Amino acid sequence: MSFGRPYFHPESIDAFKELLAQLDFYRKIGDLPEAGNTAVRISNSLQFAGSPDLSYFYLHLADSLYSASGQTSRRMNVRLNEPLILCRSGRLDEGRERMEALLRDSNALRDPLGREIMLRNHYSFFKDSISLFDGYRIISSLSQDPNLQEYLSEVKILYEALMCDHYMEAGRTDSAAYYFGLSKDMDVSDWDFQMQVYAVRARYLESIGKNGEAFDLLRRCIDARDSVSSNNNAEKKAYLERIEAINQHQAEAERKRVELEHRHYMIGGSLVILLLLSLIAIQWIRHRSRMKTMRLQMEAEKMERRILAMSISKEESAKVIDKVKEETARLKQDGTVSTKDLSEIETSIKMHLAGKEEMEAFEESFAEVRPEFADRLKMLSPTISPNNIRLCAYLYMGLSSQQVCGILNVTPGALRQAKRRLRQRFGLKGDDSLEDFLRALVKQ
């Protein structure tokens with residue numbers, strides 16, 4: 001039999017529901033110490049033979065609340081009660097582990113009364129004689145305090161009865177008789193203590209042949225138990241009502257939890273959909289950007305091929321002009337000009353004009369494909385001329401000096417002079433390449 005008071009304090013079902021409401025209220029406003037106190041009251045009201053699990057649930061909740069609020073002393077009271085409830089619920093291994101951990105923790109049990117209660121519970125469930133003797137020594141010492149004598153008198157009687165029972169089982173009749181003599185004339189009012197003390201005394205009297213006195217004590221023990229049972233009928237009804245109230249309370253809490261969980265799922269799903277749409281939009285924008293870049297790159301490559309072809313065409317035009325000059329000089333020298341010769345000269349001039357128009361069209365197209373080229377040149381040198389911009393464009397395209405001379409119809413010496421002035425304009429050093437500088441300008 002365990003030690004404690006497993007009956008309810010008389011409370012109505014409305015008062016019990018009020019406790020549950022108070023617990024929710026204190027937790028909602030963040031008053032964790034008061035919420036822990038309320039959880040302890042609920043746990044105490046549930047310490048009845050039928051449902052130690054619920055009592056442990058609320059006691060464990062109180063421990064969490066006290067821990068979060070730094071209430072060390074109150075948390076210790078909870079830790080003292082937890083092993084008892086675990087043992088009552090049949091979870092003996094867990095209860096033993098908790099009890100023994102507390103008994104090894106000198107800092108946790110500085111209060112001698114708390115340690116005595118833990119030792120007494122340990123003996124009650126596990127019949128550990130060391131716990132019995134240690135608890136008895138504590139009670140014997142504390143009983144010398146006048147302020148504790150009245151409180152501990154019944155506990156001391158209980159220990160003396162337990163010591164008598166221990167020595168009877170060990171076969172030490174003299175020691176059993178000694179402790180029986182200490183407690184035989186003392187009465188206890190606590191019903192739980194009564195049943196244990198009367199039962200031990202009856203067994204001792206029966207062992208020494210005093211069956212009549214043993215029977216009287218057993219009858220008193222049975223009467224005490226029946227009295228408690230009859231008194232507990234109303235309390236058992238209240239207990240069942242409280243269990244129902246707790247079930248309703250937990251069902252409502254579970255319903256709210258499920259609703260909140262569904263709401264979180266909906267919010268999470270919406271966020272996932274928005275994220276997917278954002279990723280799709282980003283990919284689409286990147287795709288469009290890549291397509292635009294590829295299109296511009298293709299146009300630039302097309303323009304490069306076109307200018308190379310035009311440069312070749314310009315070289316051919318230069319050759320045609322040279323031929324026209326030679327033929328004209330020859331005709332002047334001979335002094336004869338035929339109709340056929342004039343037609344050939346006209347055709348050559350038309351071809352030269354066509355090449356010039358084509359180069360003008362190319363320059364307009366280049367300005368459309370690389371509009372930033374001329375702008376950046378002007379930013380570097382605001383006074384740069386259109387002819388210099390045209391020369392920079394040809395150099396950017398990678399045309400050879402011969403091709404540039406043919407297109408611009410200048411001599412190689414004039415081209416070298418123009419490039420030297422450009423290098424000075426852009427502040428390039430002797431080792432710097434003008435062509436690389438112009439290509440890097442577009443990439444910036």
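1. Let me start with a charged pair: E116 forms a salt bridge with R120, with 2.7 Å between the closest N and O atoms. A salt bridge here is a side-chain nitrogen of Lys or Arg within 4 Å of a carboxyl oxygen of Asp or Glu. The two residues are four residues apart in helix α6 (residues 112-126), which means that about one helical turn separates them. Helices (H or I, at least four residues) and strands (E, at least two) are DSSP runs, numbered from the N terminus. E116 is buried, at 2% relative accessibility, and R120 counts as buried too, at 10%. Buried means under 20% relative accessible area, exposed means over 50%, and partly exposed is in between (1.4 Å probe, protein chains only).

2. A word on what you are looking at. This is a predicted model, in which local features need pLDDT of at least 70, side-chain atom pairs count only at pLDDT 80 or more, and totals for chains, interfaces and linings use all residues. Residues are numbered from 1 along each chain as its sequence is written, and side-chain values use heavy atoms, with hydrogens and water left out.

3. Now the overall picture. The protein has 17 helices and zero strands. Of its 444 residues, 36% are buried. Among contacts with a separation of 6 or more, 62% join residues 24 or more positions apart; contact means heavy atoms within 4.5 Å. The protein exposes about 26900 Å², and carbon and sulfur atoms supply 53% of that area. Accessible areas come from the Shrake-Rupley method with a 1.4 Å probe, and for residues only the protein chains shown count as cover.

4. Back to the charges: the salt-bridge count comes to nine. Besides the pair in point 1, R91 forms a salt bridge with E94, the closest N and O atoms being 3.1 Å apart. R91 is partly exposed at 30% relative accessibility, and E94 is partly exposed at 34%. D436 pairs with R439 in another salt bridge, with 3.3 Å between the closest N and O atoms. D436 and R439 both sit in helix α17 (residues 434-443), three residues apart, or about one turn of the helix. D436 counts as partly exposed at 46%, and R439 is partly exposed at 30%.

5. Leaving aside neighbours within four places in sequence, V200 touches A161, C164, D165 and M168. The C-alpha atoms of V200 and C164 are 7.5 Å apart, although 36 residues separate them along the chain. D165 belongs to helix α8 (residues 146-170) and is buried at 9%. With its neighbours within four places in sequence left out, D165 is in contact with V200 and R203.

6. Which residues does T38 contact, leaving aside its neighbours within four places in sequence? They are L19, Q22, L23 and Y26. The C-alpha atoms of T38 and L19 are separated by 6.6 Å, while the two residues are 19 residues apart along the chain.

7. Helix α3 (residues 52-69) passes a simple length check. At 1.5 Å a residue its 18 residues should span 26 Å, and the end C-alpha atoms are 26 Å apart, so the two agree. The expected span is 1.5 Å times one less than the number of residues. Buried residues in α3 include P52, Y56, L61 and Y66. Just after α3, G70 takes a positive phi of about 75°.

8. On the surface, I267, L271, I273, L274, L277 and I280 form a nonpolar patch with about 610 Å² of accessible area together. Patches are made of residues with over 30% relative accessible area and no salt bridge, where like charges are joined within 9 Å and nonpolar side chains (Val, Leu, Ile, Met, Phe, Trp, Tyr) within 5 Å.

9. Last, the cysteines. A disulfide is a covalent bond between the sulfur atoms of two cysteines. Counted as a pair of cysteine sulfur atoms within 2.5 Å, disulfides come to zero here. C87 is buried at 5% relative accessibility, and C405 is buried with a relative accessible area of 9%.
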